[in-house]
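These entries record a look at aromatic rings and their contacts. I set down each item as I looked it up.

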Amino acid sequence: MKNALNWFEIPSADFNRAVSFYSAIFNAPLHVETMGDMQMGVFPYEGDGACGGAVVHGPFQKPSAQGTLVYLNANDGMDAMIDRIVKAGGSIVMPRTQITPEIGYMAIFSDSEGNTVALHSNS
């Protein structure tokens, strides 16, 4: 097994608001597509073995602050991403905090839909 994680989905109550929120904090558009009765805003990812994911809206997805905690890659630009989170309508639950010098930093935020999501950065 290469990776324990190969896909993730972040539920949305208002799909367009969620896509706008995550596009703003990543400073890049999400690729929007529909699969059956589910809307998906796919995060950028590339390469063999890369983990992909999407903001989703459908009959079985419900946002929650108590669900699984997903760590998004802040690409060593965590401070700028945290600023964009607040400007896009999210809130910071735990500010940038060092885990260990070897592992790097984390922060936790609440997104536009009420989900609790984390960031990770090496610096």
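Entry 1. The charged end of which residue sits over the ring of Y105? I noted at the outset that the model is predicted. I found the charged end of R96 over the Y105 ring, at 3.8 Å from the ring centre.

Entry 2. I then turned to ring pairs. A search of the whole structure returned six aromatic pairs. I took up F8 and F43, whose centres are 5.5 Å apart with 35° between the planes, a tilted pair. I located F8 in strand β1 (residues 7-11), and F43 in the loop between β3 (38-42) and β4 (52-57). The two residues are 35 residues apart, and I recorded the pair as a link between distant parts of the chain. Both F8 and F43 are buried.

Entry 3. I next examined Y22 against F43. Y22 belongs to helix α1 (residues 15-26), and 21 residues separate Y22 from F43 in the β3 to β4 loop. This pair, too, links distant parts of the chain.

Entry 4. I looked up the accessibility of these two partners. Y22 has 0% relative accessibility and F43 has a relative accessible area of 5%. The cut-off for buried is under 20%, so I listed Y22 and F43 as buried.

Entry 5. Finally, I asked which residues the ring pairs link into a cluster. I recorded F8, F21, Y22, F26, F43 and F109 as its members.

Notes. Residues are numbered from 1 along each chain as its sequence is written. This is a predicted model: local features need pLDDT of at least 70, side-chain atom pairs count only at pLDDT 80 or more; totals for chains, interfaces and linings use all residues. Side-chain values use heavy atoms; hydrogens and water are left out. Rings of Phe, Tyr and Trp (its six-membered ring) pair if their centres lie within 6.5 Å; planes under 30 degrees apart count as stacked, over 60 as edge-to-face and the rest as tilted. Helices (H or I, at least four residues) and strands (E, at least two) are DSSP runs, numbered from the N terminus. Buried means under 20% relative accessible area, exposed over 50%, partly exposed in between (1.4 Å probe, protein chains only). A charge sits over a ring if NZ of Lys or CZ of Arg is within 6 Å of the ring centre and within 35 degrees of the ring normal.
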